[in-house]
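I kept these notes while looking through a model on screen.

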Amino acid sequence: MNVLPWIFLLLVVVLGTVGQISLKYALYNNASTPKIFNSYYFWIWSICYVIVTLLWLVVLRTIPLSQAFPALGLTFALVPLASHQVLKEKIAFGQWIGIAIIITGVCLVVQM
């Protein structure tokens, strides 16, 4: 088994999360739309999504879609966790349960 595509898939999830947090941070600090283009965090988001797209193309060539696509669901767990740490957003009890369910579900679906 080639582990490199799985590392790329993990990078897709992590960089997707970083991109979402960066965009939120850029919008939080730059209320007006024209100013957002001057934001360092906006450009982090842009670069993350270019890299994510290219890595996703590699992942789709090597990992079955039935395993790769559900793994993207980890982003739905990582974004709230990262926003809690970086942006100091609160996570409700129900969200914690949802995060646990998502992680469990992805682990079950992605099993090789």
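This is a predicted model: local features need pLDDT of at least 70, side-chain atom pairs count only at pLDDT 80 or more; totals for chains, interfaces and linings use all residues.

**Entry 1: Thr62**

Thr62 sits in helix α3; I take helices (H or I, at least four residues) and strands (E, at least two) as DSSP runs, numbered from the N terminus. I have Thr62 down as partly exposed because its relative accessible area is 46%. My scale is buried under 20% relative accessible area, exposed over 50% and partly exposed in between, with a 1.4 Å probe and protein chains only. I then took a C-alpha distance from Thr62 to Leu27, 35 residues apart along the chain, and got 36 Å.

**Entry 2: the whole chain**

I counted six helices and zero strands in the protein chain. Along its principal axes, the C-alpha trace spans about 45 × 35 × 15 Å. Of the 112 residues, 34% are buried.

I looked at contacts next, meaning heavy atoms within 4.5 Å. Among those between residues at least 6 apart in sequence, 69% join residues at least 24 apart.

For the accessible surface I got about 7300 Å², with 73% of that belonging to carbon and sulfur atoms. Such areas come from the Shrake-Rupley method with a 1.4 Å probe, and for residues only the protein chains shown count as cover.

**Entry 3: the core**

I looked up the largest nonpolar core, which has 14 residues. By this I mean a set of buried Ala, Val, Leu, Ile, Met, Phe, Trp, Tyr and Cys residues joined through side-chain atoms within 4.5 Å. Leu9, Trp56, Val59, Ile63 and Ala68 have the most contacts inside this core. The helices α1 (4-29), α3 (40-62), α4 (65-71) and α6 (93-110) each supply at least two of its residues, and α3 gives the most, with five.

What does Trp56 touch, leaving out residues up to four places away in sequence? My list reads Leu9, Val12, Leu65, Ala68, Phe69 and Leu72.

**Entry 4: Ser39**

I went to the loop between α2 (33-36) and α3, where Ser39 lies. Is Ser39 buried or exposed? I call Ser39 buried because its relative accessibility is 6%. Beyond four places in sequence, Ser39 touches Ala26 and Asn30. A polar atom of the Ser39 side chain lies 3.1 Å from the backbone nitrogen of Tyr41. I also noted 9.4 Å, C-alpha to C-alpha, between Ser39 and Leu23, which are 16 residues apart in sequence.

Skipping residues up to four places away in sequence, I found Ala82 touching Thr17, Ile21 and Leu87. Ser83 touches Ile21, Lys88 and Glu89 under that rule. Ala82 and Thr17 are 65 residues apart in sequence, yet I get 7.6 Å between their C-alpha atoms.

I followed the chain to Lys88, in the loop between α5 and α6. Lys88 is exposed, with a relative accessible area of 64%. Phi of Lys88 is near 60 degrees, a positive value in a residue other than glycine.

**Entry 5: Ile7**

My last stop was Ile7, in helix α1. I list Ile7 as partly exposed because its relative accessible area is 42%.

Definitions and conventions: Residues are numbered from 1 along each chain as its sequence is written. Side-chain values use heavy atoms; hydrogens and water are left out. A polar contact is a pair of N or O atoms within 3.5 Å; within protein, one must be able to donate a hydrogen and the other to accept it, and residues adjacent in sequence count only if both atoms are side-chain atoms.
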